[in-house]
Amino acid sequence: MPSADVLDKVRDIPIYRASVERGHFPILEKPEIARGFPDNWMTPRLARALETGEAEFVLSTGTNHARMQIIRPPYFLLRSYYRLWQEHPELGASWHAGARRVSLTTVLATEHVARVNARKPGATPGERWLDDRTLYLNRRLDPADWDREDVERMLGEIREVAGAHPDGAYLLDCSGYHLAHLIGKVSASGLWDGFPRPVGIVHAYEYTPLNVRAYLRSHFDCPVVDLFGSTELGYLFYSDAEGRYRPYLTDMSVELIPVAPGSGIHSLIVTSVRNPYMPLVRYRSGDCVRTHDGSTDPERIVSFCGREKELLPTPEGPVAQADLDSRITGVSDRVFLHQLHLTGDDTCRLAYTTFDGVPLGSDETARLAASVAVLTGRSCQVEHRARIPIGRSGKYAWLTAPDPS
């Protein structure tokens, strides 16, 4: 049973009434949230909030999974994000000293900001300032397509943001992949002198591979921090500069449930009243984690290892995105992007790019193929690519399968 204060906040919400009466709350799945929506969440308080604009309908972000309609206060996720930046032990001082943020992530995020701004009185078309604190940089779907003009524009905008601070300080919010692409473009064009160094970097939009994290750290002498959260929950965990995860569970609690016996992979189950209009009790977020000892103790989480719907079944149990990433990192630190294609019942192909564009040697290629074969239980062909296309969401899929049709 949830705690008494959680029960007080949910007992009048239709979706929870039977659970309150039974004294047992089953795991809340996404389809159940959508069944009868929004009536299954409607209370007089919520109806008033929707009328006054204190609550709004939004869609959760979707990468390789279905989007879900939810109800939340305006700027719910942003406020959660900003609060975490303010309170983070290595970023907070810069935030409070007035450092602005630049955000380098998907073009869909940039376009969303522009649409929101377009609805404001006296709007400037295409305005990419989210508020007085954050500027969105990216204007292309695939960062591999950035040309010198794109890079010079982005660097110029970063210089303007940094120049607004007396110490030239700014914070960089990013998808790790996008920032790695920018580093490569800047290096190839000899533009490092025009790239002010941030005082802190956060990657927060998707799983960031170990090689990419190391690549970012090798180019910037500042904290590089991972945040974990979702549209419907806000932010739940952050890493410190050494990569250790710390809980950020204000108005929340977390359970871990094994996805399969002995796999070491756990489903993340969250109870949260942080969103007053749609509190979630024992909600399956769809995310998977690993702990350092395989236990179900949330304090021992060491990896947010991927999405539950994207687990790869194998004879030895499910494999997560982070498991493949670990195998790749164990062979070479030069691999940048990678994508595993299932090509048959017992075969697969690992496509990859490198940071420097140079393929792996034959020995590394053979070791990588053998390692992936052991992991997946499939014969593996390894193939170097000049590029791996990005998805329509502006994010990369780590696993693909043939179209069943």
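Modeller: Let us begin with a term that we shall need: two strands pair if DSSP finds at least two bridges between them. Please keep in mind that this is a predicted model.

Colleague: With that term in hand, which residue is the bridge partner of Ser103 in strand 5?

Modeller: Strand 3, residues 100-104, and strand 5, residues 170-174, run parallel and are joined by five bridges. Within this pairing, the partner of Ser103 in strand 5 is Asp173.

Colleague: In what order do the seven strands of the open sheet lie?

Modeller: The pairing in this open sheet of seven strands is mixed. Its edge strands, each of which pairs on one side only, are strand 4 (134-136) and strand 9 (245-247), and the twist from one strand to the next averages 25 degrees. Read across the sheet, the order is 4-3-5-6-7-8-9.

Colleague: Which strands does helix 8 touch where it packs on the sheet?

Modeller: Helix 8 spans residues 148-163, and its direction makes about 165 degrees with that of strand 3. Where helix 8 packs on this sheet, the strands it touches are strand 3, strand 4 and strand 5.

Colleague: Which residues of strand 5 are buried on one side, and which on the other?

Modeller: In a regular strand the side chains alternate between the two faces of the sheet. Strand 5 is mostly covered, with five of its five residues buried, and both of its faces are covered.

Colleague: Through which helix does the chain cross from strand 5 to strand 6?

Modeller: The crossover from strand 5 to strand 6 is a β-α-β crossover, and it is right-handed. The helix on this path covers residues 176-189 and is helix 9.

Colleague: Which residue in strand 7 stands opposite His203?

Modeller: Strand 6 has both faces covered, with Gly200 and Val202 buried on one side and Ile201 and His203 buried on the other. Three bridges join strand 6 to strand 7, residues 224-230, and the two strands run parallel. Val202 has Val225 as its bridge partner in strand 7, and the residue of strand 7 opposite His203 is Asp226.

Colleague: Which helix makes a right-handed β-α-β unit with strand 6 and strand 7?

Modeller: The unit takes in strand 6 and strand 7, and its handedness is right-handed. The helix that belongs to it, made of residues 210-219, is helix 10.

Colleague: Is His181 buried or exposed?

Modeller: His181 is found in helix 9, and among the residues it touches are Pro143, Trp146, Phe336, Leu337 and Tyr396. Because its relative accessible area is 11%, and the limit for a buried residue is under 20%, His181 is buried.

Colleague: Which strand gives the most residues to the lining of the largest cavity?

Modeller: Rolling a probe the size of a water molecule over the atoms shows where empty space is left. The structure holds one cavity of 30 Å³ or more, and about 70 Å³ of space lies in the largest cavity. Its lining includes Tyr177, Phe336, Leu337, His338, Gln339 and Trp398, and the strand that gives the most to this lining, with four residues, is strand 14.

Colleague: In the open sheet of four strands, what is the order of the strands?

Modeller: The pairing in this sheet is antiparallel, and its edge strands are strand 10 (252-258) and strand 13 (301-307). Neighbouring strands are turned by 45 degrees against each other on average, with direction ignored. The order of the four strands is 10-11-12-13.

Colleague: Which residue in strand 13 stands opposite Arg290?

Modeller: Strand 12, residues 280-291, pairs with strand 13 in the antiparallel sense over five bridges. The residue of strand 13 that stands opposite Arg290 is Ser303.

Notes:
Residues are numbered from 1 along each chain as its sequence is written. This is a predicted model: local features need pLDDT of at least 70, side-chain atom pairs count only at pLDDT 80 or more; totals for chains, interfaces and linings use all residues. Side-chain values use heavy atoms; hydrogens and water are left out. Buried means under 20% relative accessible area, exposed over 50%, partly exposed in between (1.4 Å probe, protein chains only). A crossover is right-handed if, with the strands pointing away from the viewer, the path from the first strand over the helix to the second runs clockwise. Axes are lines fitted to C-alpha atoms, for helices over the stretch in contact, and angles run from 0 to 180 degrees between N-to-C directions. Contact means heavy atoms within 4.5 Å. On a 1 Å grid over the protein atoms alone, a cavity is a set of points where a 1.4 Å probe fits but cannot get out, and a pocket is an open set with protein on both sides within 12 Å along at least five of seven lines; lining residues have an atom within 4 Å of a point. Grid points are joined across faces, edges and corners, and a volume is the space filled by probe spheres set on the points. Lists of a residue's contacts leave out its neighbours within four places in sequence.
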